[in-house]
Amino acid sequence: MGDLCDESLRIQDETEQALLDFIRTDLDLCLVFATVAETAYSMGHRAHAERNIANAEKGYSDMLRYFSQARGMTAEVERELWSKFKQLRERLDGLQRLKQS
């Protein structure tokens, strides 16, 4: 019985770690979308920029939802991910201002 419980805990820990890795990776991808959007705006490709902004916004909201469900993260990991969320939000807000100008 102990082995089954240990295995269950190990799988749960691995699943939680995979979720945190997924959130981290997707936030990085969203930052890439933001960079592509900035470049597209600078080149006058408004439609391309807006598609990338939409992708980044969707990723941001999806990752916030997953983050709210994440369990067992250390304070350091929580700070790291909040920092990425903040960085992405600031970039997206800046892009929204470009979009409106």
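Start with the crossing of H1 and H3: select residues 2-42 for helix H1 and residues 75-100 for helix H3. H1 passes H3 in a left-handed crossing. The model on screen is predicted. Two packed helices are described by the angle between their axes and the distance between the axes. For H1 and H3, the angle is about 20 degrees and the axes are 10 Å apart. Angles under 35 degrees count as roughly parallel, and H1 and H3 are therefore roughly parallel to each other.

Next, show the side chains where these two helices meet. On the H1 side, pick out Leu20, Ile23, Leu27, Leu31 and Ala34, among others. On the H3 side, the residues in contact include Val77, Leu81, Phe85, Leu88 and Leu95. Charged or nonpolar: how do the residues of the contact of H1 with H3 divide? There are 14 nonpolar and seven charged residues, with two polar ones besides.

H1 has 41 residues, and the span from its first C-alpha to its last is 60 Å, close to the 60 Å expected at 1.5 Å a residue. After H1, stop at glycine 44, whose phi is positive, near 85 degrees.

Which way does H2 run relative to H1, roughly parallel or roughly antiparallel? The axes of H1 and H2 cross at roughly 160 degrees and come within 8 Å. Angles over 145 degrees count as roughly antiparallel, and H1 and H2 are therefore roughly antiparallel to each other. By class, their contact has 17 nonpolar, four polar and three charged residues. H1 passes H2 in a left-handed crossing.

The contact of H2 with H3 has 13 nonpolar, two polar and six charged residues.

Last, colour the model by confidence. The mean pLDDT of the protein is 94, and 99% of its residues reach 70 or more.

Technical notes:
Residues numbered from 1 in each chain as written. Predicted model: local features only at pLDDT ≥ 70, side-chain atom pairs only at ≥ 80, totals over all residues. Heavy atoms only, no water. Axes fitted to C-alpha atoms, helices over the stretch in contact; angles between N-to-C directions. Helix = DSSP H or I, 4+ residues; strand = E, 2+ residues; numbered from the N terminus. Parallel < 35°, antiparallel > 145°, perpendicular 65-115°, else oblique. Left-handed = near helix turned anticlockwise from the far one by under 90°. Contact = heavy atoms within 4.5 Å. Nonpolar A, V, L, I, M, F, W, Y, C, P; charged D, E, K, R; others polar. Expected span 1.5 Å × (residues − 1). pLDDT = per-residue confidence, 0-100.
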